[in-house]
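Open the model in your viewer and keep the selection panel at hand.

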Protein chains: 2
Amino acid sequence: MHLAFLRDYHEAQVIALARSRPTIERGTVAEITGLTPQAVSKVIARLLEEGLIAPAGVRRAAMGKPAAVYQLVPDSRWAIGAHVTRRALRLALTDLAGTVRAGATTALPPDFTPDQLLSELSAGVTALLASPGPPSRRLAGVGIGMIGPLDQATGTVRDAHRLRHWHDIPLAALATERLGLPVHVDKDVTAGVTAEAWRRGAGFRDAALIMVESGVGAGLWLGGSAHRGAHTNAGEFGHTVVQLDGPPCVCGRRGCLEAVHDRAGDPAAAAAVIGVGVVNLLQTLDLGHIVLAGADLLEHGDVYRRAVEHAVRTQVPRADWLSVEVTLAGLGAGTIAAGAAMQVLNARYGVPDPAGR
Amino acid sequence: MHLAFLRDYHEAQVIALARSRPTIERGTVAEITGLTPQAVSKVIARLLEEGLIAPAGVRRAAMGKPAAVYQLVPDSRWAIGAHVTRRALRLALTDLAGTVRAGATTALPPDFTPDQLLSELSAGVTALLASPGPPSRRLAGVGIGMIGPLDQATGTVRDAHRLRHWHDIPLAALATERLGLPVHVDKDVTAGVTAEAWRRGAGFRDAALIMVESGVGAGLWLGGSAHRGAHTNAGEFGHTVVQLDGPPCVCGRRGCLEAVHDRAGDPAAAAAVIGVGVVNLLQTLDLGHIVLAGADLLEHGDVYRRAVEHAVRTQVPRADWLSVEVTLAGLGAGTIAAGAAMQVLNARYGVPDPAGR
DNA sequence: GGACTTTAGCAACGCTGTTGCGTTAGTTGT
DNA sequence: ACAACTAACGCAACAGCGTTGCTAAAGTCC
């Protein structure tokens with residue numbers, strides 16, 4: 001029965017509204033979603049039943065019966081996210097509102113194996129759940145933001161850049177078995193952009209998260225959902241050529257954005273290179289938001305933000321009309337881990353796609 | 001009542017199947033769509049009623065009752081598409097299957113005005129409908145593939161490149177009034193990629209149509225639908241920088257793909273530049289299909305195709321896994337006009353998006 | 001205190017896809 | 001020839017979604 005899709009879709013719409021505003025009420029939800037007030041009543045009743053929202057008093061207008069007001073219950077659902085880098089595992093426990101409620105970082109051995117990662121992950125998840133906080137019943141699952149290339153559809157790591165033991169590793173399956181929880185594996189940059197999307201709501205429809213952290217990548221959020229591409233390998237933004245016959249890149253080509261960036265003398269010059277790349281992205285994709293992230297970038301966050309803003313202002317034709325918001329990642333260095341958690345929440349409580357994403 | 005969305009969605013799914021295969025039958029449709037056979041029966045009954053499909057005999061299996069077979073009725077619906085260039089107006093009359101059934105090209109005066117275009121368009125549409133063929137009752141509407149930048153959501157041309165009289169012209173509204181038909185206005189490149197998508201079916205999910213025709217642009221088809229971007233201005237692919245401090249471009253920057261391309265000595269060198277740009281697109285977006293189009297490109301079609309294929313094969317890391325199909329536009333120089341027509345069909349008979357695209 | 005305004009909720013309804021089961025149109029076996 | 005079997009088909013009852021119509025409730029305003 002596909003009526004369930006309609007129900008889930010409308011419930012997710014209301015949850016999304018509750019996430020992006022302090023409170024919601026029947027009338028405004030009806031107006032925004034196009035549902036009738038009566039239908040909204042039914043949706044709200046179901047969400048109350050599930051504990052996802054709670055009454056929050058009444059709003060007294062000039063006249064008429066006061067409207068019942070509701071708000072999201074952030075504590076009602078949780079998820080854990082993991083950010084795997086070449087040196088460390090970073091965990092974040094996130095609530096339904098997208099707030100990071102706890103975190104942990106542990107070192108990973110050089111050239112760690114899948115089994116070593118799973119052990120650290122398992123220990124970390126157990127520790128987070130042991131801390132006074134969320135009953136594990138309300139845990140939606142675990143998300144992993146991983147180094148690519150990987151096949152997101154099957155949760156298999158193809159061969160992670162510069163990690164010797166990671167070839168065709170079915171990470172999602174292994175982690176599900178080890179943790180006994182639903183696991184969502186995705187590229188780190190995609191997890192990152194999901195963090196911003198989940199926290200910002202419906203206005204965040206076309207965006208890129210630029211990540212500079214031992215490599216340059218981009219997480220893409222297009223038309224209101226993550227863009228992963230035909231082989232779920234989108235986002236290799238650092239390996240786009242910006243200087244024909246430029247300096248050689250680790251990927252074998254010449255003049256890649258990453259190679260030119262890494263050779264820039266100082267942060268300002270490096271940031272200017274990213275600026276050119278961002279303008280290229282804007283020209284191609286017409287994005288509304290650029291989010292800057294990654295440990296190497298955030299070390300000089302303001303330098304990068306100013307350089308990208310300057311590039312956008314001076315290099316994009318019709319900059320007046322093609323408004324773009326450039327920001328640093330709201331959650332800083334924890335963005336990827338938090339985003340991995342929010343991918344789990346998004347899969348369950350986000351607005352679904354009839355095709356299943 | 002939002003049940004109508006479910007109905008339309010499933011009908012569109014079945015129509016899409018009927019487009020991409022010679023025949024359809026209840027069992028296979030049920031398997032692919034996930035609907036129950038009984039539900040498919042109801043959908044098929046509705047489509048028969050509308051005349052969109054027709055019985056096409058039976059399929060005798062080894063045992064059991066033979067299955068009823070159906071096929072699309074291409075003549076059941078039509079649309080007209082228009083491709084506006086700086087010098088000419090090209091029209092295409094297209095049937096539901098995406099086949100071009102008639103066409104016409106007329107010259108446009110230099111620096112033509114909106115009114116001059118509407119006159120030519122109106123005359124051309126009337127002429128196409130007068131020819132023995134489709135009853136105008138079955139005409140879904142008129143699509144216009146226009147020079148950007150434009151606001152697709154409102155159908156307003158902001159200021160078309162190098163056309164003096166085109167600033168903030170509400171083309172969709174003007175054309176609707178003049179023609180008395182539904183009008184869909186979009187960027188030429190987006191119309192072009194829709195032509196390929198409509199004709200190729202479900203396997204064509206992440207793709208770009210590269211158009212070289214007094215400028216370089218890209219129409220993007222991402223995740224199974226057109227990508228237009230935050231201000232519906234995506235696709236300015238020619239104005240991405242591939243050579244820092246390269247030759248100056250008409251847009252004011254230096255080293256744009258378009259500038260470098262136009263300065264290449266011969267078609268092969270020019271094609272190689274496009275090859276670099278395509279690889280950049282693939283790295284960023286991970287596309288499965290690249291379609292080459294545009295008058296200037298198709299003049300040396302095979303040169304471009306070979307150059308792009310070579311670039312893809314030699315410059316994309318993991319080319320074995322990241323399979324990409326490179327083709328010339330199946331409808332050649334008529335791709336944009338035909339695609340504009342198919343955008344109208346796609347809006348009415350394509351698989352809808354709950355958010356309304 | 002009555003008129004008015006706005007919100008809320010019950011009940012009947014329409015329409016979607018689903019389920020259960022009998023029917024139909026073939027082939028296979030004796 | 002005829003029963004047994006198979007696979008597709010379709011009628012009828014049903015479940016669940018949002019909608020519609022109407023009544024009740026909880027305020028303000030005069």
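For the class counts in this tour, Ala, Val, Leu, Ile, Met, Phe, Trp, Tyr, Cys and Pro are nonpolar, Asp, Glu, Lys and Arg are charged, and the others, including Gly, are polar. By that scheme the surface near DNA strand D has 15 nonpolar, nine polar and six charged residues. Keep in mind that this is a predicted model.

**Stop 1: DNA strand D.** Helix 1 of chain A has the largest share, five residues.

**Stop 2: the contact between chains A and B.** Select the contact residues, 43 from chain A and 43 from chain B. On the chain B side, helix 1 (3-20), strand 13 (216-222) and helix 8 (267-285) each supply at least two residues. Helix 8 of chain B gives the most, with five residues. The classes on this side are 20 nonpolar, 16 polar and seven charged.

**Stop 3: the symmetry.** Superpose chain B on chain A: a turn of 180 degrees with a shift of 0.0 Å along the axis gives an RMSD of 0.1 Å. The two copies are therefore related as by a two-fold rotation axis. Go back to the contact selection to see that the same surface serves both copies, as 100% of the contact residues of chain B recur in chain A.

Key:
Residues are numbered from 1 along each chain as its sequence is written. Chains are lettered from A and ligands numbered from 1 in the order in which they are written. This is a predicted model: local features need pLDDT of at least 70, side-chain atom pairs count only at pLDDT 80 or more; totals for chains, interfaces and linings use all residues. Helices (H or I, at least four residues) and strands (E, at least two) are DSSP runs, numbered from the N terminus. Two residues are in contact if their C-beta atoms, placed from the backbone, lie within 7 Å. Copies are superposed by least squares on the C-alpha atoms of residues with pLDDT of at least 70 in both.
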